[in-house]
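Q: I would like to learn how to read a model of a chain with a ligand. Please take the features one at a time.

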Amino acid sequence: MSAAITLTDVSFIYPGSDFSFSCSHLEFPQNEVTLITGHNGSGKTTLSKLMCGILKSVTGRVDIFNRDTKNLTLGEVGKCVGYLFQEPTQQLFTPTVWKEMTFVDEILGRTSNETERKALDLLEWFGLTGLKERSIYYLSRGEQQRLALCTLLMSGANFFILDEPTTGLDKNNRKRLYTLMDDLVARGKGFAVITHEGELIDKYAYSQVRLEKGKVIA
Ligand SMILES: Nc1ncnc2c1ncn2[C@@H]1O[C@H](COP(=O)(O)OP(=O)(O)OP(=O)(O)O)[C@@H](O)[C@H]1O
Ligand SMILES: [Mg+2]
């Protein structure tokens with residue numbers, strides 16, 4: 001299976017912090033779900049941001065679909081990798097739920113019946129149809145999380161990095177997310193998922209990157 005994201009001899013340090021991250025070789029295959037697990041503060045979010053170029057490694061290189069992220073703009077990365085922030089409000093910008101679902105396509109001038117249909121289907125799947133005109137400021141944490149997931153899935157990305165996507169989701173919505181992930185993997189997409197969720201860890205125990213103190217331990 002070809003790699004979507006590869007890290008080679010990567011090291012990273014936050015200026016003024018004593019936390020450092022390093023790994024010699026790590027591959028995230030396309031067309032699979034790979035989990036990233038570890039205790040609080042072990043470096044999961046740091047790794048995920050290095051994987052999509054939000055953070056730049058100090059040494060080594062990170063390749064996305066065989067292209068060095070040092071030569072890619074965040075816009076170029078965004079076309080192939082979708083990133084779900086740990087805090088959903090970090091990626092919600094527009095006045096309403098519907099606007100949030102459609103603004104990228106609007107900016108790119110590619111709104112069509114098809115994109116509207118896709119947006120409606122995603123909102124329906126995550127039980128947000130009734131909140132279409134709701135201000136994003138008046139959503140519950142779980143609703144924000146589901147909307148952030150929906151907007152991410154609107155993009156044409158081939159690989160998705162989800163930082164603790166089940167936070168705030170009840171059992172039914174977790175199940176809906178897992179079903180959607182299975183469906184997307186069956187259609188050739190790939191995922192890296194940061195999680196503490198037992199059910200997800202049981203399901204994908206065989207493909208897991210385990211971190212401790214900024215190092216890959218398994
Ligand atoms: N911008 C920053 N500047 C300095 N230190 C940071 C910064 N962001 C994170 N850190 C530190 O880096 C370490 C790893 O943080 P990171 O967010 O990657 O952990 P995590 O495994 O995602 O934790 P959690 O499970 O709590 O989300 C922590 O000690 C954190 O305090
Ligand atoms: Mg984190």
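A: Start with the ligand. Ligand 1 is surrounded by Tyr 14, Ser 17, Phe 19, Gly 38, Asn 40, Gly 41, Ser 42, Gly 43, Lys 44, Thr 45, Thr 46 and Gln 86. A residue counts as near a molecule if its C-beta atom, placed from the backbone, lies within 6 Å of it. This is a predicted model: local features need pLDDT of at least 70 and side-chain atom pairs pLDDT 80 or more, while totals for chains, interfaces and linings use all residues. Residues are numbered from 1 along each chain as its sequence is written, and chains are lettered from A and ligands numbered from 1 in the order in which they are written.

Q: How do the residues of the shell around ligand 1 divide into nonpolar, polar and charged?

A: Ala, Val, Leu, Ile, Met, Phe, Trp, Tyr, Cys and Pro count as nonpolar, Asp, Glu, Lys and Arg as charged, and the others, Gly among them, as polar. Here the shell has two nonpolar, nine polar and one charged residue.

Q: Which helix gives the most to that shell?

A: Helices (H or I, at least four residues) and strands (E, at least two) are DSSP runs, numbered from the N terminus. Helix 1, residues 44–51, contributes three residues, the most to the shell around ligand 1.

Q: Why is helix 1 described as largely enclosed by the rest of the structure?

A: A residue is buried if 20 or more other C-beta atoms lie within 10 Å of its own, exposed if 12 or fewer, and partly exposed in between, with C-beta atoms placed from the backbone. Six of the eight residues of helix 1 are buried, so the rest of the structure largely encloses it. They are Lys 44, Thr 46, Leu 47, Ser 48, Leu 50 and Met 51. After helix 1 comes Gly 53, with a positive phi near 80°.

Q: Is strand 8 mostly covered or exposed?

A: Strand 8, residues 190–194, is mostly covered, with five of its five residues buried. Gly 190, Ala 192 and Ile 194 point one way, and Phe 191 and Val 193 the other.

Q: Which strands are joined to strand 8?

A: Two strands pair if DSSP finds at least two bridges between them. Strand 3 (residues 33–38) runs parallel to strand 8, joined by four bridges; Val 33 has Phe 191 as its bridge partner. Strand 7 (residues 159–163) is also parallel to strand 8, with five bridges, and Phe 159 stands opposite Gly 190.
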